[in-house]
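Colleague: Please take me through the side-chain contacts of this model, giving the general idea of each feature and then the case at hand.

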Amino acid sequence: MKKSKYLITIVAMLVLIVALFFEYNSVKDEKVVEDSKKISMIVYGDSQETWEDLKMGAYQAAKDYNAEINFVVMSNESNAKEQTALIEREIRNGAEGIIIAPVNSEKMTDSLDKVLNQVPIVEIYNYVDTKNNIPVITANNYEMGETLANIIDRETRDLKILVIVDNMERNGISDRLQGFEENIKKENIEYWNINGLIPSNLVNKVEEESYDVVIAFDKFVLETTGEVIEKGNYDIDVYGMGNTTKIVDYLDREIIDGIIFQNEFNVGYISVENMISYSNYGVNIKDIYIEYKYISSESLYDTDNQRLLFPDVQ
């Protein structure tokens, strides 16, 4: 009889422990849901495909730090009013932090100053001069321009060079151009401000002027330049900045000869990581420079380059 009572007591204790365990985990899961931070990431352009590495980094950080990411792509590349409206919409919908690639470094000043009173902000790629400094996470754009100038001086002969200038309202792009202009030693260079008119105008420009080298400072412009060069079967060396699936394909097929790009996976991951640190623990967010690298058609399949270009296959 004593053994029977003892056994019953043991079983009852085990049942109680199991019940408490499940109750604890249920409460813990509810707490996780309650503490999950809602972060909106707003970028320019009209295609999610060009931001795949950035998204992967952001989503990985969200998984690691218990956040919800709403990734928002504008309907075009240059409308500051649309970006402002998207920020306001995301805050109304419960966003507790905004990560933004400013579409215009001047026209977004008032909008971001206003938002800073409501939620924390992290800028990526470009920065806006506001009353209160907003942290920016990007590669050193001036140094990227300087590096490209050195590469052009080293790898090209004294040829006729066309530099395509666009999206200068973003100081990340203008800093790249400045770094290039202040360090290039070549003289036979034309700077052409396209004002968003590529690709049709580029076809005419290339056929009329017979350029040997074309350079672009923005991944959207570089991607479209590759399309024009491929369709026209032009014998032109192409260099630029940025990496998308199309750009890497053009690099592989030697339509594009070399690219400088920043680690966009890290941009996405670190921006979310820092936003969470600020939201949860009040840790001040500081400007962070992300690594960048030059890759040519010849070095495309180096192991380290593959790791940077395709973080999803690691």
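**Reading burial, charges and rings**

Modeller: Aspartate 218 counts as buried, at 4% relative accessibility, where buried means under 20% relative accessible area, exposed over 50% and partly exposed in between, with a 1.4 Å probe and protein chains only. The model is a predicted one, in which local features need pLDDT of at least 70, side-chain atom pairs count only at pLDDT 80 or more, and totals for chains, interfaces and linings use all residues. Residues are numbered from 1 along each chain as its sequence is written, and side-chain values use heavy atoms, with hydrogens and water left out.

Colleague: Which side chain meets aspartate 218 in a salt bridge?

Modeller: Side chains of opposite charge can pair when their charged atoms come close. Here the partner of aspartate 218 is arginine 170, at 3.9 Å from N to O; a salt bridge needs a side-chain nitrogen of Lys or Arg within 4 Å of a carboxyl oxygen of Asp or Glu. The two residues belong to distant parts of the chain, 48 residues apart, with arginine 170 in the loop between strand S6 (161-165) and helix H6 (171-181) and aspartate 218 in the loop between strand S8 (213-216) and helix H8 (219-232). Helices (H or I, at least four residues) and strands (E, at least two) are DSSP runs, numbered from the N terminus.

Colleague: Is arginine 170 buried or exposed?

Modeller: Arginine 170 is buried, its relative accessible area being 0%. The charged end of arginine 170 also sits over the ring of tyrosine 44, 3.7 Å from the ring centre, a contact that requires CZ of Arg or NZ of Lys within 6 Å of the centre and within 35 degrees of the ring normal. Lysine 160 has its charged end over the ring of tyrosine 211, 5.1 Å from the centre.

Colleague: How many salt bridges does the structure hold?

Modeller: There are eleven salt bridges. One of them joins lysine 37 to glutamate 96, with 3.9 Å between the closest N and O atoms, and this pair also links distant parts of the chain, since lysine 37 is in strand S1 and glutamate 96 is in the loop between helix H3 (80-92) and strand S3 (97-100), 59 residues apart. Lysine 37 counts as buried at 19%, whereas glutamate 96 is partly exposed at 33%. Aspartate 249 and arginine 253 form a salt bridge at 2.8 Å, N to O, and salt bridges that share partners join Glu230, Asp249 and Arg253 into one network. Aspartate 249 is partly exposed at 33% relative accessibility, and arginine 253 is partly exposed at 40%.

Colleague: Which aromatic cluster includes Tyr44?

Modeller: A pair of aromatic rings is described by the distance of the centres and the angle of the planes. Tyr44, Trp51, Tyr125 and Phe220 form one cluster, and the structure holds seven aromatic pairs. Tyrosine 44 and tryptophan 51 pair edge-to-face, 5.6 Å centre to centre with 75 degrees between the planes. Rings of Phe, Tyr and Trp (its six-membered ring) pair if their centres lie within 6.5 Å, and planes under 30 degrees apart count as stacked, over 60 as edge-to-face and the rest as tilted.

Colleague: What does tryptophan 51 form with tyrosine 125?

Modeller: Tryptophan 51 and tyrosine 125 form a tilted aromatic pair, 5.6 Å centre to centre with 45 degrees between the planes. Tryptophan 51 lies in the loop between strand S1 (37-43) and helix H2 (52-65) and tyrosine 125 in the loop between strand S4 (121-124) and strand S5 (136-138), so the pair ties together parts that are 74 residues apart in sequence. Tryptophan 51 is buried at 1%, and tyrosine 125 is buried at 6%.
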